[in-house]
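Please load the model in your viewer and keep the sequence panel open beside it. The tour below goes from one selection to the next and says what is to be found at each stop.

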Amino acid sequence: ELLFRGFLFRKLRKQRSFLQSAAISGAVFGSIHLINLTNGISPDALINVSISISFGFFMAFPFAALFE
């Protein structure tokens with residue numbers, strides 16, 4: 001969490017707007033959860049990964065605001 005919100009967001013924020021920086025860092029954070037599918041694709045795994053990606057992306061904005 002700190003790696004994406006603290007490091008990546010701040011790096012992006014130097015060159016981009018708040019919304020762009022939060023969206024990019026959130027997308028990267030969420031996509032990291034795709035690693036969970038390496039153990040096999042099952043309905044449960046797909047649901048868990050989908051929730052993690054969605055949560056990671058949409059929570060990027062309030063979490064990024066803490067680092068603003």
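Select Leu34 to begin, which is found in the loop between α2 and α3, where helices are DSSP runs of H or I with at least four residues, strands are runs of E with at least two, and both are numbered from the N terminus. The model is a predicted one, in which local features need pLDDT of at least 70, side-chain atom pairs count only at pLDDT 80 or more, and totals for chains, interfaces and linings use all residues. Residues are numbered from 1 along each chain as its sequence is written, and side-chain values use heavy atoms, with hydrogens and water left out.

With Leu34 still selected, colour by accessibility: Leu34 is partly exposed, at a relative accessible area of 43%, given that buried means under 20%, exposed means over 50% and partly exposed lies in between, with a 1.4 Å probe and protein chains only. Which residues does Leu34 contact, once its neighbours within four places in sequence are left aside? They are Val49 and Ile53, contact being defined as heavy atoms within 4.5 Å.

Next select Ile32, which is placed in the loop between α2 (18-31) and α3 (43-58) and is partly exposed, with a relative accessible area of 40%.

Leaving aside neighbours within four places in sequence, Ser25 is in contact with Phe4, Arg5, Leu8, Phe9 and Leu12.

Ser21 is also placed in helix α2 and is buried, at 0% relative accessibility. Show polar contacts (pairs of N or O atoms within 3.5 Å; within protein, one must be able to donate a hydrogen and the other to accept it, and residues adjacent in sequence count only if both atoms are side-chain atoms), and the side chain of Ser21 is seen to reach the backbone nitrogen of Arg13 at 3.3 Å. Beyond four places in sequence, Ser21 is in contact with Phe9, Leu12, Arg13 and Arg16.

Then look for aromatic pairs, of which a search of the whole structure finds one. The rings of Phe9 and Phe18 have centres 5.8 Å apart and planes at 80°, so the pair is edge-to-face; rings of Phe, Tyr and Trp (its six-membered ring) pair if their centres lie within 6.5 Å, and planes under 30 degrees apart count as stacked, over 60 as edge-to-face and the rest as tilted. Phe9 is buried at 1% relative accessibility, whereas Phe18 is partly exposed at 22%.

Finally, zoom out: the protein has four helices and zero strands, and 24% of its 68 residues count as buried.
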